[in-house]
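Okay, thanks for coming, everyone.

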Amino acid sequence: MIKSVSGAGSLKGTLRLPPDKSISQRAAIFSLLYEGESRIGNYSQAQDPQSTLRCVQQLGAKVKEDSGILIVEGKSRAGIVEPKQDLDCGNSGTAMRLLSGVLVGAGISAKLIGDASLCGRTMTRIIEPLEAMGAHILARNLAYAPLFINRIDSLRPMDFELPVPSAQLKSCILLAGLFGEEKTRVIEKLPSRDHTERLLDLDQKKEKGEKIISASLADEIPEQSYTIPGDFSAAAFWLVAGVIQEDAEILIENVGLNPTRNALLDILGDMGADITIENERMEGAEPVGNIIVKGSDLKAIQIAPEIIPNCIDELPILSVAMLFAEGTSTISGAGELRHKETDRIMAISKMLKAVGANFEEQKDGLIIHGDPEFTFQSAEFDSFHDHRIAMASAVLSLKGKEDSMIKDAESAAVSYPAFWEDLHQLTG
Ligand code: S3P
């Protein structure tokens, strides 16, 4: 599907976001591990969380809905069943990596499949440590899905220092560890999103600047009854749309404000953005609040490698903000972007090139020479079937003088099914 987006005069309105994708997927998987009923409010209808929910049902969870609340009858760790069919993770790296940990831990045989993008993403980072725990995994070309996970009788717990700051890898190993008699410990140098630790209430301690998280069979799985907050990564598109558009004023309600996710707030704040947070509160184990964003004058910023894990999914849209900031901005130490739904450094470069921006692509980041007066006539964007590239291109299109085109725009539904309606509402 090709979407046409016109330049916008101003953006005004109030938005409610799609439910958080990462938390929704975890809520489904952790409910399977819980023995009894979890009641999940505001479960995401987006494609990735729906793929995860189907997999969890194939592993034995019974799911029904009552007045918008998802009721998941979990199986407990001992009761997970072997799936009769392949587990289709769709586009979701989180589903494939977290479920692999569960399957290895539970000693279940299964085949995990995914779409073309997911089958092109390396799974070596989970295969190697899971094999060190005793797993037998067969992967296409030793690295890619489909993955065949073979039943094992006993799991070897381990101490694992994360070689990359990845929450999917961390969660995969901790989930396998939850099935071991002895403790598995994951050592994290740079903080990545901590939803798994929070929602499973795992033991955590800080030692010499590192975080050590442990998991074993002795850990009780908590009931997963809470309301999923709005997705900060979805809010990011409106935060940038708001700051780069003169006269904009957008209220975004019920946004997840987990500090391991929302570095973009500080980054935009340092760039000079007019952003206010109201009504901060806790929703279960996660902080939430409302955000008001207004059109602002931005200045350039340098993004250091240490904070990349806390804004990794927001870097495509942050590059759009950088284009309209005074001066030269840099993103460095972001090589992980090359392993997302598509190579996002390449995809951002193509997006910026389409509007004639002044920038340089680096191996692990970008240098963007911004200009608050930057303008372009119109552009044709390729989303590379990547939801975040499609949505970032749409926000950039709002700054064009004429209509721009976005290819494969339907990919937004991977995380944000109502994105195009919300865009229409704001520009309306
Ligand atoms: C996610 C972790 C991140 C993020 C992805 C969701 C998660 O991936 O990019 O969109 O839910 O754990 P990595 O763990 O590969 O960094």
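**Starting from one residue**

Let me begin with Asp66, which, apart from neighbours within four places in sequence, is in contact with Arg39 and Ile71; contact here means heavy atoms within 4.5 Å. Asp66 sits in strand E4, residues 62–66. Helices and strands are DSSP runs, by the way, numbered from the N terminus, with at least four residues of H or I for a helix and at least two of E for a strand. At 39% relative accessible area, Asp66 is partly exposed. The cut-offs are under 20% for buried, over 50% for exposed and partly exposed in between, using a 1.4 Å probe and protein chains only. From Asp66 to Leu17, 49 residues away along the chain, the C-alpha distance is 21 Å.

Now the housekeeping. This is a predicted model, so local features need pLDDT of at least 70 and side-chain atom pairs count only at pLDDT 80 or more, while totals for chains, interfaces and linings use all residues. Residues are numbered from 1 along each chain as its sequence is written, and side-chain values use heavy atoms, with hydrogens and water left out.

**The whole chain**

Stepping back, the protein chain has 13 helices and 23 strands. Its radius of gyration is 21 Å, close to the 22 Å that the globule rule gives for 428 residues, so the chain is as compact as a globular protein of that length. That radius is taken over C-alpha atoms, and the rule is 2.2 Å times the number of residues to the power 0.38. Along the principal axes, the C-alpha atoms fill a box of roughly 65 × 45 × 45 Å.

How much of the chain is buried? Of the 428 residues, 60% count as buried. And if you take contacts in the chain with a separation of 6 or more, 75% of them are between residues 24 or more positions apart. The accessible surface is about 16,400 Å², and 46% of that belongs to carbon and sulfur atoms; the areas come from the Shrake-Rupley method with a 1.4 Å probe, and for residues only the protein chains shown count as cover.

On charges, there are 43 positive and 62 negative ones, and their mean positions are 4 Å apart. Lys and Arg count as positive, Asp and Glu as negative, and His and the chain ends are not counted. Each charge is placed at NZ of Lys, CZ of Arg, CG of Asp or CD of Glu.

**Two domains**

The domain assignment gives domain 1, made of 3–18 + 230–427, and domain 2, covering 21–216. Those bounds come from an automatic or database assignment. The C-alpha centres of the two domains lie 29 Å apart. Where they meet, 27 residues of domain 1 are in contact with 24 residues of domain 2.

**Some buried spots**

Have a look at helix H10, residues 315–323: 9 of its 9 residues are buried. Among them are Leu315, Pro316, Ile317 and Met322.

Next, Leu200, in helix H7, residues 195–200. Leu200 is buried, with 3% relative accessible area. Setting aside residues up to four places away in sequence, Leu200 touches Phe30, Leu175, Leu178, Glu220, Ile221, Pro222 and Gln224.

Then strand E9, residues 144–150, which holds Pro146. The peptide bond from Ala145 to Pro146 is cis, with omega near 0°. Ile149 is in strand E9 too, and Ile149 is buried at 1% relative accessible area. Ile149 has contacts that include Ser100, Leu103, Val104 and His136, leaving aside neighbours within four places in sequence. Val104 is 45 residues from Ile149 in sequence and 7.0 Å from it in space, C-alpha to C-alpha.

**Two asparagines and a glycine**

Which way does phi go at Asn141, positive or negative? Positive, near 50°, in a residue other than glycine. Asn141 lies in the loop between strand E8 (136–140) and E9, and counts as exposed at 62% relative accessibility. Asn254 also has a positive phi, about 60°, but Asn254 is in strand E15, residues 249–256, and counts as buried at 11%.

Last one: Gly356, in the loop between helix H11 (344–354) and strand E20 (358–362). Gly356 is exposed, with a relative accessible area of 56%.
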